[in-house]
Amino acid sequence: MSLVKLANVGAHLQNCAMAKLPLTKIPYTKLHLQIALGLYKEGFVSSVKRGSITGPDLTPVEVTPDNISSRRLWLGMKYRENKPVLSKFQLISKPNRRVFCTSSDLRNFAAGQRFRFVKPLQPGEVIFVRTREKEVIDLHEAVKKQLDGELLCRIQ
């Protein structure tokens, strides 16, 4: 189920980028937060803020089971020369087809080899990997740490 929601978030971010929106919101989940922080770290979005349905929080509000349905992540979209920095968000693992890799497979994939049906990494692309500890990191970080994981998505 979480990959279906991640696919919806990816489509939403692509649409917001094409519409040139300055700020957008996505549902608040642990997976979405890790992906949003990864996008911020890699320079695809300009800001990540917690908030509610109405907008980003001015003062921090703790997330509880009572208010989780109204919590959102607010992402500042980034543009360069009037073109969106984030142009493509594509899932690799899907609900009916999960793609798991060993550390040696990830190393070969990062070096430019094809892995099963997944095309090699292109310049300007980032691939996020979910480790066994449910941490989302980029492909090169997973290779440095020699971790196994699931290929989640590629962003261009």
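Modeller: Helices (H or I, at least four residues) and strands (E, at least two) are DSSP runs, numbered from the N terminus. With that in hand, Q146 lies in the loop between α4 (139–145) and β10 (149–155). The model is predicted, so local features need pLDDT of at least 70, side-chain atom pairs count only at pLDDT 80 or more, and totals for chains, interfaces and linings use all residues. Residues are numbered from 1 along each chain as its sequence is written, and side-chain values use heavy atoms, with hydrogens and water left out.

Q146 is not a glycine, yet its phi is positive, at about 55 degrees. Most residues other than glycine have a negative phi. Q146 has a relative accessible area of 60% and is therefore exposed; exposed means over 50% relative accessible area, buried under 20%, and partly exposed in between (1.4 Å probe, protein chains only).

N82 is also not a glycine and has a positive phi, of about 65 degrees. N82 is found in the loop between β4 (79–80) and β5 (83–84). Its relative accessible area is 59%, so N82 is exposed.

P22 belongs to the loop between α1 (2–18) and β1 (23–27). P22 counts as exposed because its relative accessibility is 63%. Apart from neighbours within four places in sequence, P22 is in contact with L75, G76 and M77, where contact means heavy atoms within 4.5 Å. From P22 to E42 the separation is 20 residues in sequence and 18 Å in space, C-alpha to C-alpha.
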